[in-house]
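Please look over the sequence and the structure below. A short report on selected features follows.

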Amino acid sequence: MEQARPASLASSDTVRVTNPGGSSPFVLTCDHASNFLPAEFGTLGLAAEDLSRHIAWDPGALPVARRMAEALDATLVETRISRLVIDCNRPLDAPDLVPPVSETTAIPGNTGLSDKQRAARVALSWQPFHAAIEEIVDGRLARGQETRLVSVHSFTPVYKGRNRPWHIGIIHDEDRRLASPLIDALKRLAGVTVGVNEPYSPADRVYFTLERHARSRGLPCAMIEIRNDEIAGETGQRKWADLLTGIFSDLEPQEAGHARSHSVGKSVQSAS
């Protein structure tokens, strides 16, 4: 768990923006950066060990995103509240916005919430996170600054008994301007198994942040998923951050005319 912060957090404390004036064309988001639960939520009825699992956050994703942002001079927007409280990478009408079950684990503290309680969670974390991204992107576009959005996540090596062989996955919809050159660069790395819309795809409802802030504005975007055993420690975090930084430093999106292709495939029930 992160070091405890005050029990009742002001909205400004539930999202962190690093390097808002970054010169890079990339704006990074880390939608599931923290497993922190404010004291008023207790443990949501979970055992303490559950709060370090993937159901509470994306382990390893934030250190990778922070190192990338620093190296690229990119802006980073991160959540500071566990997705068990509210999932910032879901639309407001999603059934798992406040998940009653995550993977196979029931979340007792998320059942039977009133409309007022749900609205309070939206105001606590979801709204400030998306407002921060909107402010950053709108400001960049008003200045004529090239902008590409990338969200950084991690995933479990095994999900409901299914092994996941990919070291890294790139998630995209029909706009492949950023995803295709990124996938091509990753596939040139020796010993790296790359998932294309694996282990998730937009059909799994995991693409919301990019849909809201990039696709709605016609901006190139992609979602990165790194298998969390690859980034469980500092060595792996540094390795993947440096690999991705090197790729991103030379990455140029394809022309818009090459962005359209066949519809995006599979759908599974999973959390990202």
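## Aspartate 87 and its surroundings

The backbone nitrogen of asparagine 89 lies 2.9 Å from a polar atom of the aspartate 87 side chain. This is a predicted model, in which local features need pLDDT of at least 70 and side-chain atom pairs count only at pLDDT 80 or more, while totals for chains, interfaces and linings use all residues. Residues are numbered from 1 along each chain as its sequence is written, and side-chain values use heavy atoms, with hydrogens and water left out.

The side chain of aspartate 87 also makes a polar contact of 2.7 Å with the side chain of histidine 32. A polar contact is a pair of N or O atoms within 3.5 Å; within protein, one must be able to donate a hydrogen and the other to accept it, and residues adjacent in sequence count only if both atoms are side-chain atoms. Aspartate 87 sits in the loop between strand E3 (75-79) and strand E4 (101-102). Strands (E, at least two residues) and helices (H or I, at least four) are DSSP runs, numbered from the N terminus.

Two residues can be set side by side. Buried means under 20% relative accessible area, exposed over 50%, partly exposed in between (1.4 Å probe, protein chains only).

| Residue | Relative accessibility | Class |
|---|---|---|
| Aspartate 87 | 5% | buried |
| Methionine 223 | 1% | buried |

Methionine 223 belongs to strand E11 (residues 221-227). Its C-alpha atom is 9.2 Å from that of valine 206, 17 residues apart along the chain.

## Aromatic rings

How many aromatic pairs does a search of the whole structure find? The search gives 2. In one, the rings of phenylalanine 26 and phenylalanine 248 have centres 4.7 Å apart and planes at 45°, so the pair is tilted. The pair links distant parts of the chain: phenylalanine 26 is in strand E2 (residues 26-30) and phenylalanine 248 in helix H5 (residues 234-250), 222 residues apart. Rings of Phe, Tyr and Trp (its six-membered ring) pair if their centres lie within 6.5 Å; planes under 30 degrees apart count as stacked, over 60 as edge-to-face and the rest as tilted.

Both phenylalanine 26 and phenylalanine 248 are buried. The charged end of arginine 148 sits over the phenylalanine 26 ring, 5.0 Å from its centre. That label requires NZ of Lys or CZ of Arg within 6 Å of the ring centre and within 35 degrees of the ring normal.

## The whole protein

The protein has 5 helices and 11 strands. Of its 272 residues, 56% count as buried.
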